[in-house]
Amino acid sequence: MIERADQLVLDYVSKAADAAHGVLRQDHRLDFVQRLRARIESERSGSEDPKVVARVLARFGDPAALVEREARRLSSGGEVPRIQAEPEVRPAESDTAVFPRVVDDVPPGVARGMREARERLTGRTERGLPFAGLRRAVMAGANPMATGGRDARTVVKGHPREVLAIGLLLLAALLVPMSLPSVAIFQVPVIVWAAGAATVLTSDSWSFRDRMIGIGAPMFGYGVGGVVIGALRVGGESGLSAFLAQFYAVSGIMFMIFTGLGVVWLAYRLWDLS
């Protein structure tokens with residue numbers, strides 16, 4: 001969560017720096033970016049929650065608009081203005097102070113080159129290509145620098161709840177072939193799957209669509225897949241009992257297969273979104 005919040009700030013400041021390129025002089029651009037970053041840090045008040053940071057950035061508005069206002073100030077020879085975000089509900093947080101000047105050791109030209117190189121390495125230029133996130137995940141196994149330093153360990157460390165949910169879903173699938181005693185009227189794999197599904201639903205790292213795919217795939221496989229494959233296996237036999245026998249023979253296998261597909265999707269989306 002901390003890395004995601006900081007990345008939101010870096011992305012916003014980078015957009016402002018890009019918008020200022022060619023509009024402000026180098027020294028003015030550096031001063032503007034430094035003051036903007038310091039003001040954002042002041043507004044977020046040390047919060048590491050990505051949602052809070054996103055709301056703070058939204059109050060600052062379009063980075064290009066901030067650059068235009070800075071350019072007008074410089075052209076008119078005015079004083080350094082009080083650049084402020086839009087006020088929230090709490091009036092005490094609506095006022096902002098003047099951006100403090102901060103000395104940056106990295107010249108803006110070098111910082112821009114580093115950012116462009118990092119974007120190329122992380123595959124952002126592949127945005128229009130399918131499964132770019134999956135390719136970056138595979139690359140990270142051999143070269144974490146190709147994904148901005150992210151690898152499986154950092155993703156697991158940053159998303160413990162999501163990893164737990166994926167583990168529970170996998171465990172539920174692996175328990176299907178085992179003959180375990182029921183708990184009350186429920187089979188053990190069903191209980192484990194329900195715990196995994198509840199954990200998936202409480203996660204804020206996946207979108208609603210991703211969560212529905214992850215927990216809906218096993219149910220689809222068990223129900224629809226079991227019915228379709230069971231009906232095909234009945235063959236010339238007739239009667240409900242013959243169909244049910246084939247349904248129960250294949251529904252567990254279909255549950256395992258589609259659980260695996262759902263887990264693969266959740267893992268892929270977790271990597272792509274983190």
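At 44% relative accessibility, V183 counts as partly exposed in this predicted model. The residue is found in the loop between α8 (160-175) and α9 (188-201).

Charged side chains were examined next. The count of salt bridges comes to 12. One of them joins R59 to E43, with the closest N and O atoms 2.7 Å apart. Because R59 belongs to helix α3 (residues 50-60) and E43 to helix α2 (residues 26-44), this pair ties together parts that are 16 residues apart in sequence. Both partners fall below the 20% limit under which a residue is termed buried: the relative accessible area is 9% for R59 and 10% for E43.

A further salt bridge is formed within a single helix. The side chains of E70 and R73 meet at a distance of 2.8 Å, N to O. These residues are three positions apart in helix α4 (residues 63-76), so about one helical turn separates E70 from R73. E70 is buried, with a relative accessible area of 3%, and R73 likewise counts as buried, at 13% relative accessibility.

The salt bridge between D210 and R269 has an N to O distance of 3.0 Å. This pair links distant parts of the chain, since D210 lies in helix α10 (residues 208-234) and R269 in helix α11 (residues 240-273), 59 residues apart. D210 is buried, with a relative accessible area of 0%. R269 is buried as well, its relative accessible area being 18%, a value under the 20% cut-off.

Salt bridges are also connected to one another through shared partners. In this way D6, R37, E41, R44 and E48 are joined into one network.

Taken together, the pairs described above illustrate two arrangements. In the second, both partners belong to one helix, as with E70 and R73 in α4.

Terms used. Residues numbered from 1 in each chain as written. Predicted model: local features only at pLDDT ≥ 70, side-chain atom pairs only at ≥ 80, totals over all residues. Heavy atoms only, no water. Salt bridge = Lys/Arg side-chain N within 4 Å of Asp/Glu carboxyl O. Helix = DSSP H or I, 4+ residues; strand = E, 2+ residues; numbered from the N terminus. Buried < 20%, exposed > 50% of the residue type's maximum accessible area, 1.4 Å probe, protein only.
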